[in-house]
Amino acid sequence: MEDRLYNPLKLSVYRPLFSGKRVLICGAGAVGSNVAEALVKMGCSLDLLDFDKFTLENAAKHSCLVRTPEDVGQNKARCVARRVQPFLEEGCTANGMDTDLCRIGPEALADYDVVVLCLDNYAAKALFNELWMQLPPERRPVVIMNGTKDEMARSVMLDGREFCLRCLMDERWLENGAVRTSCSGPQLRTVDGETVPVRTSRLASGHAANMSAEQFRAQVIGVKGAMNRRLTYYAYPTMELTVTHPKAKRGCPGCAVQPPKEILWLEGTVLETTLGQALEQIAARLDHAPFELQVHWLNYKEHTYTGFIRSDLCHVCGAPISVMQHEGRTFLQDLRCEACRDAGRPARYDVDFAMDDVLYAFSPQSDPELKKRTLFQLGYPLGAHLKVCCTQADGSRETIVFALQGDPEQMHRVQHLE
């Protein structure tokens, strides 16, 4: 490890403060790769999350950690995590996860000091905000969200006590979750009657990353007045750096999200614990009172997915098929029989195929085949809050929240979630 160490006489006196910090970077592209380079050289541990791959078309914006064309086609998060390894100080780690935010739950965030959001769509930002706000304030990491538009760069740091991430979004931006967005709105504009992407440069991406790194530094060394502030850099001909204090949005749906009053802990992880094992632990904790475990609710792109599909009809020929997937992980092309899939026949949008068998809760009486599946296979994300409806002795019903105590640690080692 001696060749990895820096000369301490040439580094900041604050450097020892960073060694124990854990940071999650969501999005490892133009801005995220530059954030990773800055933060790992400060001396902290990093995890990165991204489902996308590097392409040549955006190579001019990435950190020079990313090698072109050698890294083209590789998952962004795993690639950057590998490239930062030579810069890690002893005791620090970096892990890249090939996945998206739909595969993680609130407790997946709880082991981090800071999460840096380098995402380019507001549907994902809104989903993250919901996960983040479900954590109790004392276990909620600081969030830094950044982005670019034209040559403007912006970064905001918040703790969720004065306003949430959704307070920074125009609700109209969420109407089309597929639109690529920046820190200040959709990354599209109309030129001569045609809709085209807004162009930005490596300089803008770098400025956004550096401002996020500066806010991270301010948080670590305890700068008063840095929290809940937004930094905005304007390039020439304006050339200006502003600091503003965002306010909570009236009637904000994100601020309405509340953490559970209490969380009871189960042994294991969502990735390895089967439904049967989880039900046994829950039954023991509830002293074997009658209960049901709610199927995971996924709120994404203004739609809520609440069911587990056991069987359906082929969306090509109408034949009965076994699905055994959560609604939120099921796509139209998944709903085809084997024969239609092998023949390459596309699933049809123009016919209403009603779902045949959908579950909305599991119980100790559930099918033995379901009990053999892991919670993750049944649609629960890593770090999920498991909501259990329990019937009390007096006949009243109470919702109790459980979580798996091994989930947060998995974020530092799992490399693929699908």
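This is a predicted model: local features need pLDDT of at least 70, side-chain atom pairs count only at pLDDT 80 or more; totals for chains, interfaces and linings use all residues.
**Ground rules.** I number residues from 1 along each chain as its sequence is written, and side-chain values use heavy atoms, with hydrogens and water left out. Local features need pLDDT of at least 70 and side-chain atom pairs count only at pLDDT 80 or more, while totals for chains, interfaces and linings use all residues.

**Helix α3.** I found 12 of the 12 residues buried, so α3 is largely enclosed by the rest of the structure. Buried means under 20% relative accessible area, exposed over 50%, and partly exposed in between, with a 1.4 Å probe and protein chains only. Among the buried residues are Lys125, Glu130 and Trp132.

**Five-stranded sheet.** I traced an open sheet in the order β13-β22-β21-β14-β20, with mixed pairing. The edges are β13 (263–266) and β20 (361–362); each has a single partner strand, so one side of each lacks a neighbour in the sheet. Strands pair if DSSP finds at least two bridges between them. Strands β21 (386–391) and β22 (397–404) run antiparallel and are joined by six bridges. Cys389 stands opposite Thr399 in β22.

**Three-stranded sheet.** I noted a second open sheet, β18-β17-β19, with antiparallel pairing. Strands β17 (308–313) and β18 share five bridges, and Ile309 has Gln325 in β18 as its bridge partner. Met324 also lies in β18. Its phi is positive, about 55°, although it is not a glycine, and it is buried at 10% relative accessible area.

**Loops.** I checked Asn228, in the loop between α4 (202–221) and β11. Its phi is near 60°, positive in a residue other than glycine, and its relative accessible area of 3% makes it buried. I also found a cis peptide bond between Tyr236 and Pro237, with omega about 10°. Pro237 is in the loop between β11 (229–234) and β12 (240–244). Another cis peptide bond joins Thr68 and Pro69, with omega about 5°; Pro69 is in the loop between β2 (45–50) and α2 (76–83).

**Before β1.** I ended with Val13, in the segment before β1 (22–26). Val13 counts as exposed at 74% relative accessibility.

Methods:
Helices (H or I, at least four residues) and strands (E, at least two) are DSSP runs, numbered from the N terminus.
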